Amino acid sequence: MKQSEFLNLVMPFKDKLFRLAKRLLVSTEEAEDATQEILLKLWSGQNKFKSYNSVEAVAMTMTKNFCLDRLKSKQAGTLTLVHNNYVDNNASLQNQSEVNDSLEWINKIVQTLPEQQKMVLQLRDVEGYEYEEIEKLMDMKATAVRVALSRARKAVREGLMKKHNYGIG
């Protein structure tokens, strides 16, 4: 496979790999390193592409596993899960402040979720993956994916309700 063919195949989902890595590793630099590492692994293993149903799914799984390994490693003592990719350039200062505050709370709540729920929430609600794709990526059954997503959403919703209703009633 030529370099141009490889780039045509991999570039469409490179940003998804980065977002997943950033979601798991927090640091932009760490996420860039992880993405680069996965792209290098894909380049060196490109002879296996024909045996894959979806190179993107394999790359996402590789990214997830690489990042989780990094989080488990001794080097990753300070890495945590955070996600903030929402920017509204037309919002007023007050709205921006409220959005930033809500995003901080959501991130704090998401950090308390079990790892599986964090991943399912990221893949479904942020990345937009279908349930079947999440099943394959996470190696889970359909009902387990739906239950994990439902529990994650419920925990985020209840956490936000507590925050916004604090001191009322």
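Mentor: The buried residues of α3 pack against α1, α2 (28-44), α5 and α6 (131-138). Here helices are DSSP runs of H or I with at least four residues, numbered from the N terminus, and contact means heavy atoms within 4.5 Å. This is a predicted model, in which local features need pLDDT of at least 70 and side-chain atom pairs count only at pLDDT 80 or more, while totals for chains, interfaces and linings use all residues. Residues are numbered from 1 along each chain as its sequence is written, and side-chain values use heavy atoms, with hydrogens and water left out.

The buried residues of α3 are V55, A59, M60, T63, K64, F66, C67, L68 and R70; buried means under 20% relative accessible area with a 1.4 Å probe, protein chains only. Helix α3 covers residues 55-72, and its 18 residues should span 26 Å at 1.5 Å a residue, which agrees with the 26 Å between its end C-alpha atoms. That expected span is 1.5 Å times one less than the number of residues.

L42, V120 and L123 have the most contacts inside the largest nonpolar core, which has 39 residues. Such a core is a set of buried Ala, Val, Leu, Ile, Met, Phe, Trp, Tyr and Cys residues joined through side-chain atoms within 4.5 Å. The elements giving it two or more residues are α1, α2, α3, α4 (93-111), α5, α6 and α7 (142-165). Helix α1 gives the most, with 8 residues.

Notes
Buried < 20%, exposed > 50% of the residue type's maximum accessible area, 1.4 Å probe, protein only.
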